[in-house]
Structures are given as structure tokens and as C-alpha cells.
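Colleague: I have a chain open on the screen and would like to talk it through. Could you take my questions one at a time?

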Amino acid sequence: MRYWWVNQNQTYRQEIGGGYLWSPKRRADSTRNQFYEFMREVAPGDLVFSFCDTRIAAIGFAQSYCYESPKPEEFGTTGLNWSNTGWRVDVRFQELKNRIRPKDYIGEIRWLLPEKYSPLTRDGNGLQGVYLTEISEMLANALINRVGAEANVARDVAHANAERGAEMDRPEAAIIEWERRVEEQILGASDISATEKRSLVMARRGQGVFRAAVEKIETACRVTRVDRREHLVASHAKPWRDSDNAERLNGENGFLLTPTVDHLFDKGFITFEDSGRLVVSPVAHRESMRRMGVEIDGALNVGDFSAGQRHFLEYHRENIFRQAHRRR
């Protein structure tokens, strides 16, 4: 279990009411923001402290890993310069009756604040530029002790959820609904032929023209080396929902993978470096991956990629893989 602090002055009502955290992927100038990158490290069962109007207003536990999601419609005019696609983590929040003001206790918690990426100034004021940041277990316990019984209950529930370790169904349902809307847009487009529409819709499921294009490049699962066609899935590196129509049918935007490896790749638990090295997410459950027969020690190299494949793999590493890019 890890502990997170989220500053929600702008979006508290929407995120607490909707049961989630949401951030853009990048700043408006397309540069990285470490406080957005931290979203990619959250795992089910992690404890989240919500800070709003100078107080710890709610405590929750993560119900999902981070996943791609459109900007919530309920944000309205909030964050007009934010991108339309960002990161989302589902969180079950409990609003607090005893909303403590950390500034009142800064003398006892100052030494517990992170040296880097702290949510507060040294005198206890909130930092506007911070969205999500990690805090230590010691700081989390100090806050819980100040809040009292209701915080202890939230922590116990989070511990139980962490031990269960299961991702809830909401991310999958949300992505399916997102893709359904994209599919409707394709089917309603007046500038696309009926044949191309059919090909694009089938590509969402890894079939038709897209699969045939992938099979001209790939002959077996890169990880398991299974080469029987009936046991392989055509999987997009840059997801169908994020791609333009040309990318949706581009064979270099795909790999033939066995179903378990397709799951790991599609959900961002694994990715590949341009060198061919398999990379495993730090939030992946190691024992489960061993049981799937996947190498987890970083020794597996799956071979060379074409320039086009490397282009799409870069997108996968930057946008799907579950690992933040930490600045030192």
C-alpha cells in the first residue's frame, strides 16, 4: 500500500462526487508534470488524502489502476487549457466530519513532509502547482491520528482492498463506452465508405484488414513464441480509441500476442523498449506474471522492431504503460 495526497481546490465537488481522480497527461505546453505522472503509479488499495480549502476534507482508497479517460464533462469550464484526454483513477472517497487543517499541526508534521514534491510549504500552506503526490506512511499515520476514528476505518478498508488486489470493473466499462462513442462517430461519418467503416469497426476487435496487415509483419507472439493463428490476438500498440483511421488499420501498429500477453500489453502492465527488451510495470503483480509464464527479471529480448513499430511503441510507453517518469 502507498499513500497519496491530492489537492482538489478546483475539482473537489466533481471528483469526490464522481469517485475518481482525473488529471491531464501533460501541461498545456506539452511538457511533463510529475504530479500528473504520479497518477500512473497508483494501485488498488492505495490510500488517498483529499486536501481542499486548507483542510483534509476526505479520505479514500483507490479502486483501480490509472487508465486513459476523456476529460469529465462535469468539469465544465474548469481547466479550459487542459487536454481532452487524460489519466483517471477510480477512488472510493469518504468525506470527513473532522476536517483537520494541517497548517495547525505544521510543527509536528513539517519533518515528515517529502523533501521533493511536497504538497505543502514548510509553513503549512498548500502548493497550487501540486495535484497528486506521494507521502510517507509516517505522515499518513500522523494525519490519520489527528482525524480520528473515521480515518482509521478508511485505512482498514483500504488495507483489505489492497490485500484483495483486484481492479474493479469501472475502468473496463468506461473504456468500452468511450470506444463505442468513437465507433458511432465512424459509422455516422459521411466521408467514409461503407467498406472502410466496416474495416475500421472490425479493427477495434483486432480483426479484418488490421489483422491481415499485422500478419504480414508478425508471425508469432513476441513473448511466448506461440505461432498458431487460432491462439493469437491482433493487438494495437497505440490503442484504437486514440488512433486516427489510418493508424487503426496500420499493421505496424500491432502485434500478434497470446491472450494473456495481450491483456498485459493492453492494460499497460508490460511494454517493450526499442531495443526489444521486455519491461514490466512496477505495479504488476509479479507472482501472477510468473504463473502466466512471463519473464519478469528484465532478461527477455523479443527481437527487432521496424521504424513504424518503434513509433507506435513510443506512444504505448508514454501513454499506456503503468509507470511514471520521475525527474531526479
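Predicted model: local features only at pLDDT ≥ 70, side-chain atom pairs only at ≥ 80, totals over all residues.

Colleague: Fine. How many helices and strands are in the protein chain?

Modeller: The protein chain has 12 helices and 11 strands.

Colleague: And how does the radius of gyration compare with that of a compact globule?

Modeller: A compact globule of 328 residues would have a radius of gyration near 20 Å, and the protein chain has 22 Å, so the two agree. The C-alpha atoms fill a box of roughly 65 × 45 × 35 Å along the principal axes.

Colleague: What share of the residues is buried?

Modeller: Buried residues make up 53% of the 328. As for the surface, the protein chain exposes about 15,500 Å², and carbon and sulfur atoms supply 47% of that.

Colleague: What about contacts along the sequence?

Modeller: Take the contacts with a separation of 6 or more: 71% of them are between residues 24 or more positions apart.

Colleague: Now the inside. Which residues touch the most other members in the largest nonpolar core?

Modeller: That core has 38 residues, and the ones touching the most other members are V223, F255, F265, I270, F272, L278 and M289. Among the elements that give two or more residues to this core are the helices α6 (170-188) and α12 (307-319), and the strands β9 (254-257) and β10 (270-272).

Colleague: Pick F272. What does F272 touch?

Modeller: Leaving out residues up to four places away in sequence, F272 touches V223, F265, R277, L278, V302, F305, L313 and R317. Apart from this core lies another one, of 28 residues, including W22, Y36, F93 and Y131.

Colleague: Change of topic: S69. Where is S69 found, and is S69 buried or exposed?

Modeller: S69 is found in strand β5, residues 67-70. S69 has a relative accessible area of 7%, and the cut-off for buried is under 20%, so S69 counts as buried.

Colleague: What does S69 touch?

Modeller: Not counting residues up to four places away in sequence, S69 touches W22, N84, T85, G86, R88 and W178. W22 is also a member of the core of 28 residues.

Colleague: Last one, α7. Which residues of α7 are buried?

Modeller: The buried residues of α7 are K197, S199, L200, V201 and A203. Just after α7, G206 takes a positive phi of about 75 degrees.

Conventions:
Residues numbered from 1 in each chain as written. Heavy atoms only, no water. Core = buried A, V, L, I, M, F, W, Y, C linked by side-chain atoms within 4.5 Å. Buried < 20%, exposed > 50% of the residue type's maximum accessible area, 1.4 Å probe, protein only. Helix = DSSP H or I, 4+ residues; strand = E, 2+ residues; numbered from the N terminus. Contact = heavy atoms within 4.5 Å. Rg over C-alpha atoms; globule rule 2.2 N^0.38 Å. Areas by Shrake-Rupley, 256 points an atom, 1.4 Å probe, with all protein chains shown as cover.
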